[in-house]
Amino acid sequence: MARWSHLLRRGASYYARMRVPLDLVETVGKKELVKALGTKDETVAKRLLSPVVRQWEQHFDDLRSRREVTAGDKAVAVWQHYEATLQQDDQKRRAMPTPADLDAEEQRLMRRIEKGEVSSDSFAGMINAHTELELMLRARTDDANLRARRHAALKAALTAGDTRLIEPAVKDFITRHRLLVEVGSDEYRELCTLMTRAEVDGLERTLERDQGNYSGTPRDPIVKPAIGTARETAAPGQSIMELFEVYARENPKSITADTLNQARRDIGTFVDLVGSTFPVHRIDKKAVREWKALLMMYPVKAVEMRVFEGMKIAQIVKHNETIGKPVLTPRTVNRYLSSLGAFCNWLVNHGYLDQNPTDGMSLAKDKKKKVFPFTTDQMNTLFNSPLFVGCQNDEAPRFWHKPGIVKICDHRYWLPLVMLYSGARPAEIAQLAVVDVRQDHGHWIMDITETTDDDEEGAKSVKTEGSRRVVPIHKELVRLGFLDYHADMKKAGETRLFPLAERNSRGQMIADFSREFGRYLTRIGVKKGRGLSLYSFRHGAFDALRRADYLDEEFNFIFGHVSGNKVTRGYGILRQGMLEHRVELINAITYPDLKLDHLYDRHKSPKAQFSEG
């Protein structure tokens, strides 16, 4: 859901607004939070909005991570405090002076006396000189006395119901484990009593050690190893999403910004289940298994539906049992698992996890082919339809299939044709800059590349490293007027070849047109059910080169697929396929019986009513 949905305007002033998640309404005491941003300028308001929204989200996460104390928590508190008492004793004993230390200190004192640095004439000097040795000699006795006095004081506190001695340890445990325990409450006093008994028992073991007995075991029946574990909170910088941002900055596989953003959203649903303070080292098969089970019942685009607003993933799935929205396909569930799996691989490589808990968790793949090339008859029907020869209205997709005099001449017209004769991906074509189409050694080419700044106008990205490539422009596209269109865009001062091609709210190039094109195919009778889409042109180009008697490994590179084994790919710096060979491959893409004569010179026709959107 867009961040600006949290921006509210009342009169001339702007406010931040956020609905309280349903599971926290009772705790917060209201259904909606509103805060004045103190400005009437929308640009300033948008800048001030994000920190407020993040603060609210962190507050909600903090509330969710707090919980009521359980019997398991109490058992953990007792055992941890008992062990801490013994560990503290171990540390002190290791720090005690040894006989060798005492001998050394005594020898040092004698040398000072012999040198006259310490004189019996000075009583104060004698006392100071002997102080260090005396402290070392008494260290064990003093420590034993301190422990004995604390042991007696704690036993007396138990009898009197006094919690003051143990309270620092109790408050520390409550804070570390984010427990909802009110100071002075019955739960708090019980926790104080239990931890006091644990320390008393621990101190008794230390007093036994003073007599040389290290074989003692707990005698109080409540002091025993905890079977369960208290809920653990991630250390600063160690939560799932904090480490994901480190992973995103490293980007070890050099994936695109779009793919990283998609992974961030996918993994966000896992965090929605386990909580924002969940430590990464506790991501295990059980957590992934529970998440996958919810994903298999998770509605498509649930976060964009108002009916699910304010709900966590488990609540969304439960509510959808009533309203029945379509759920994710197995393929999409696997994409979520793949996003988490790639991140977990990074966690394993960096020592946060011992093994990847997503391994073997993917759903079985549907072996049926999802996308098919167009048949010649289907393409002849398509390229004689209103989108290509004249429609009623170009502003709304619902009018594209109705015959008329409006001739569209932007990305909606050219994308299918360029894909038909290049096999390039739709987003790769839609993001082309005017300068990406140029002559190289006498041949017109498209330079499919990327930019490094995602915020700059006309930012470009490619799917993989192998997707950066030079693709010659097919001679059929030249006859169709593609270079004339390019010249017009250059003359108009445009920097992008298709300036009206847009990214959606998720940053995906022409995703909206891709969806509408599929609907258009249905409206003109070319498509029934699934199987045909914009990508059908890419599949058709593959088949065209196979018909021309080329093997896949001979032309994969022209479509942006990496060819060769990992060893050979690492040698040399030249790209596969010299330009002349690329021209030969592209011009080998032909479609017998495809009739496009009616589109020749269409772009230059003085009678045509061209539309630029």
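How many disulfides does the structure hold? I would then ask for a close look at strand 7: which strand pairs with strand 7 in the antiparallel sense, and which of its residues lie on each side?

Modeller: The model is a predicted one, in which local features need pLDDT of at least 70 and side-chain atom pairs count only at pLDDT 80 or more, while totals for chains, interfaces and linings use all residues. Residues are numbered from 1 along each chain as its sequence is written, and side-chain values use heavy atoms, with hydrogens and water left out.

The structure holds 0 disulfides, a disulfide being a pair of cysteine sulfur atoms within 2.5 Å. Buried means under 20% relative accessible area, exposed over 50%, and partly exposed in between (1.4 Å probe, protein chains only).

Strand 7 comprises residues 469-472. Helices (H or I, at least four residues) and strands (E, at least two) are DSSP runs, numbered from the N terminus. The partner is strand 6 (residues 443-448), which runs antiparallel to strand 7 over 4 bridges; two strands pair if DSSP finds at least two bridges between them. Within this pair, P472 of strand 7 faces I445 across the pairing. In a regular strand the side chains alternate between the two faces of the sheet. In strand 7, R469 and V471 lie on one side, V470 and P472 on the other, and these four are all buried, so that both faces are covered.

Antiparallel pairing also occurs in an open sheet of 3 strands, ordered 1-2-3. Its edges are strand 1 (7-10) and strand 3 (32-36), each pairing on one side only. Neighbouring strands there are turned by 35° against each other on average, direction ignored; the axes are lines fitted to C-alpha atoms, for helices over the stretch in contact, and angles run from 0 to 180 degrees between N-to-C directions. Strand 2 (residues 13-19) is joined to strand 3 by 5 bridges, with R19 opposite E32 of strand 3.
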